[in-house]
Amino acid sequence: MDLLDVMLKRRSVRKYTDEEIPNEKMNKIIQAGLLAPTSRNLKPCNFLVIENKETLKKISKSKAFGASFVKDANKAIAVIANSEISDTWIEDSSIALAFMHLMAAEQDIGSCWIQIHLRKSKLGKSSEDLVRDILGIDDYFRIVGILALGIEDGHMEAYSLDDIDKEKVHYLR
């Protein structure tokens with residue numbers, strides 16, 4: 001499968017079976033995050049693999065909406081970035097999340113990016129602060145997002161090149 005095929009196959013999957021993700025597939029997803037480029041190669045990102053069902057349940061309540069499905073995920077990966085190392089932690093974390101999202105698709109693992117940065121919980125507290133408390137991490141670690149992972153329950157069709165909005169491309173000559 002070439003990269004374009006993986007990009008077409010990639011979908012935001014929010015329904016998972018109870019089946020375990022094989023370790024070799026999880027390792028490839030984590031490797032993809034570790035291979036992601038960062039500004040000046042400072043590598044501020046750390047990857048917290050969340051397997052505990054109670055922790056996944058707590059995270060599923062960390063946003064007013066858009067995270068409830070995490071409770072049914074097999075695992076999740078929180079990408080946390082040390083803001084004392086790099087001021088481009090948002091970009092660096094986003095690239096790592098995107099790389100892992102694509103690798104999950106390549107490995108036939110369903111995944112969905114949960115935005116945490118700049119989101120609020122139902123109680124009005126920052127989702128980032130709430131997740132930081134749940135995971136027990138220091139304030140200088142910032143959280144752009146979490147990647148929920150699991151074996152897809154059902155099947156979502158891949159996109160096609162016909163789905164691309166070519167009107168969004170502008171050539172400046």
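User: What makes the largest nonpolar core a core, and which residues have the most contacts inside it?

Analyst: A nonpolar core is a set of buried Ala, Val, Leu, Ile, Met, Phe, Trp, Tyr and Cys residues joined through side-chain atoms within 4.5 Å. Buried means under 20% relative accessible area, with exposed over 50% and partly exposed in between (1.4 Å probe, protein chains only). The largest such set here has 21 residues, and Tyr-16, Phe-69, Val-70, Ile-114, Ile-146 and Ala-148 have the most contacts inside it. Helix 3 (53-59), strand 2, strand 3 and strand 4 each supply at least two of its residues, with strand 4 giving the largest share, 4 residues. A second, separate core of 20 residues includes Ile-21, Ile-29, Trp-89 and Leu-97. As a rule, in soluble globular proteins nonpolar side chains tend to be buried together.

User: Before we go on, what kind of model is this, and how is it numbered?

Analyst: It's a predicted model: local features need pLDDT of at least 70, side-chain atom pairs count only at pLDDT 80 or more, and totals for chains, interfaces and linings use all residues. Residues are numbered from 1 along each chain as its sequence is written, and side-chain values use heavy atoms, leaving out hydrogens and water.

User: How do you know that strand 2 and strand 4 pair?

Analyst: Strands are DSSP runs of E with at least two residues, helices are runs of H or I with at least four, and both are numbered from the N terminus. Two strands pair if DSSP finds at least two bridges between them. Strand 2 (residues 75-82) and strand 4 (residues 141-150) are joined by 8 bridges and run antiparallel, so they pass that test. Ala-81 stands opposite Arg-142, and Lys-75 has Leu-149 as its bridge partner. Strand 3 passes too, with 6 bridges to strand 4.

User: What makes strand 1 and strand 3 the edge strands?

Analyst: The 4 strands form an open antiparallel sheet in the order 1-2-4-3. Strand 1 (45-50) and strand 3 (110-115) each pair on one side only.

User: Why is Ala-78 called buried?

Analyst: Its relative accessibility is 0%, so Ala-78 counts as buried. Ala-78 lies in strand 2. Leaving aside neighbours within four places in sequence, Ala-78 is in contact (heavy atoms within 4.5 Å) with residues including Phe-47, Leu-135 and Ile-146.

User: What about Lys-63: what is the nearest side chain of opposite charge, and how far away is that side chain?

Analyst: Lys and Arg count as positive and Asp and Glu as negative, while His and the chain ends are not counted. A salt bridge puts a side-chain nitrogen of Lys or Arg within 4 Å of a carboxyl oxygen of Asp or Glu. For Lys-63, the nearest opposite charge is Glu-128, 12 Å away, so buried Lys-63 has no salt bridge. Lys-63 sits in the loop between helix 3 and strand 2.
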